[in-house]
Amino acid sequence: MRLTSRVAPVALAVAALLLGVLPAQAQARPDRSPDRVTVGDRTFIADGQGRALQWRGFNLADKSSRGTNAFADIHESDLKDMAARGFNLARLAFFWDDLEPTPGHYDRGYLAKMHRILDWADRYHIKVILDAHQDVYGPHFGSRGIPDWATRDDGLPFSPIPDDWFSEYFEPSVQASFDHLYKDADLRAAHARMWMTVASALGRHPALLGYDLMNEPFAKFLEGEDLPAAAARFEATELTELWNRLAQAIRLVDHRSWVFVEPTVIVGTGVPTRLGHIDDPHAGYAPHFYETAMENGADYDPNGTFIPAYEAAISDYPTRNRMPVIVGEWGGNPYVPHASQFVTDMTASLDRFSSGWTWWQWCRGGGYCFLDQTGTAKPNAQLLVQPYARAVAGDPLTFAYDPATRTYTLTFRTRDNVKGPTRITVPRDTYPRGYRVDVQGNKASWDAHGQTVTVSTHGRPGATYRVTISPR
């Protein structure tokens, strides 16, 4: 294992960050290129041409391989196959315990493997969000994430719960460890230093979209608190402070990439987040979207209230803060009786409130894997392969896909200062016998090449266009 040594300038910068005495030239500098498009109550990431971008993809995660074998189950063919089905985003899980096995020493080989995966993604025109993943804190509790040396459990008990791993978060030792991570000065510094190391090594890579600062953050409960009360207090105080502190650390070395913040998992029960403002020019919101009953082994209920409750709760925070929403994780068992309706309802919902998503996960096998052991998309998971507008030359007003008729519609309004055409990804698997395109609006033309339909508009700014794609 090749390790870097402790770097004095990084340590000094972290110390200055924690003390609040950063020199002026080290403060976060916003990228002056157009970075977002806000349409009504929804915000989209924009490219350098001012076009509103949309994202579809998968999580890439290898939790079983570690050390010199880290990322062994992630291959170039995974990115190639994702792109071949029309997807353009991957959320790549990495683990702090592998990156920094001893305090202040970083595994260069691990960073090199992350760089190699980014190279593969760039080759196939896929962007990547780097996810600092943790489950039940880290290896001290038999999982992955935060290193053992950064675990302070106060000697409190821990009892594994194999049949209900999420309940392990409520163990006193796990909650104490999270509390120390957020409050102890040396652990706060180590956390910031870790992210600065990642951003310094990978922040300029052309495939990098941004950083998901920590997967599914959790916290210590105070006496008498239930889950909603603890989540609200934690989100409004420690979690908001954590996201701002880590974002500021990243901005010491990377001013371009996005930082994505998560609420606690309580949002999955329809409770609005109490997160405060993230003071960063490129901050995005990355909640997860799991159906609680299905997570406990039940079938999807098409008449249930889960999706309406989630939608009602999820949009207020990103709307108020003008943040793009990319759902970092969602998924479900594709073999339950109503799995087809689940995917149909969920993708329709995601189109209503987000600008993108990554399914958990791209893998071969059982569970939530998109592919079976032969590498074939599972029948119900195949419904994830849908047309979407990768780049819209204006304001996306409505967009939706109807799997029953295999019809995609996009309505958008043109704007000043937008360059380039609208590009719609039309996966080959959706229309194996071809498709037809209808564009309504003054002075518009289109052409198709590969999996892309390109729509060019020549009318005046403010004109509205409607694109319909349906089977031939």
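Modeller: Here is a short tour, topic by topic. This is a predicted model: local features need pLDDT of at least 70, side-chain atom pairs count only at pLDDT 80 or more, and totals for chains, interfaces and linings use all residues. Residues are numbered from 1 along each chain as its sequence is written, and side-chain values use heavy atoms, with hydrogens and water left out.

Biologist: Which residues does UniProt list for "domain: Glycoside hydrolase family"?

Modeller: The UniProt record, an unreviewed entry, gives residues 47-363. UniProt positions are in the numbering used here, feature names are shortened, and annotations may be inferred rather than shown by experiment. Residues 47-363 are 37% helix and 14% strand, with the end C-alpha atoms 30 Å apart. Helices (H or I, at least four residues) and strands (E, at least two) are DSSP runs, numbered from the N terminus.

Biologist: And what does UniProt list for residues 387-469?

Modeller: That unreviewed entry reads "domain: Glycoside hydrolase family 5 C-terminal". The span 387-469 is 0% helix and 58% strand. Its end C-alpha atoms lie 9 Å apart.

Biologist: Switching to H2. Which of its residues are buried?

Modeller: In helix H2 (residues 76-84), they are Asp78, Leu79, Met82 and Ala83. Buried means under 20% relative accessible area, exposed over 50%, and partly exposed in between (1.4 Å probe, protein chains only).

Biologist: Why do they line one face of the helix?

Modeller: Seen down the axis of H2, the buried residues fall within an arc of 130 degrees, so they line one face. The arc is that of the directions from the helix axis to the C-beta atoms. In general, an α-helix has 3.6 residues a turn, so residues three or four places apart point the same way.

Biologist: What do the buried residues of H2 pack against?

Modeller: Strand E4 (55-60), strand E5 (89-94) and helix H4 (108-123). Contact means heavy atoms within 4.5 Å. After H2 comes Gly86, with a positive phi near 95 degrees.

Biologist: How many disulfides does a search of the whole structure find?

Modeller: One. Cys363 and Cys369 form it, with sulfur atoms 1.9 Å apart. The cut-off for a pair of cysteine sulfur atoms is within 2.5 Å.

Biologist: Is that one left-handed or right-handed, and why?

Modeller: Left-handed, because the torsion about the S-S bond of Cys363 and Cys369 is about -105 degrees. Cys363 is buried at 11% relative accessibility. Cys369 is buried at 8%.

Biologist: Now aromatics. How many pairs?

Modeller: The count is 39 aromatic pairs. In the pair of Phe58 and Trp362, the ring centres are 5.0 Å apart and the planes are at 75 degrees, so it is edge-to-face. Rings of Phe, Tyr and Trp (its six-membered ring) pair if their centres lie within 6.5 Å; planes under 30 degrees apart count as stacked, over 60 as edge-to-face and the rest as tilted.

Biologist: Where do Phe58 and Trp362 lie?

Modeller: Phe58 lies in strand E4 and Trp362 in the loop between strand E12 (356-359) and strand E13 (388-392), so the pair ties together parts that are 304 residues apart in sequence. Both Phe58 and Trp362 are buried.

Biologist: Last one. Where is Thr468, and what does Thr468 touch?

Modeller: Thr468 lies in strand E20 (residues 464-471). Thr468 is buried, at 19% relative accessible area. Leaving aside residues up to four places away in sequence, Thr468 touches Thr407, Tyr408, Thr409, Arg436, Val437 and Asp438.
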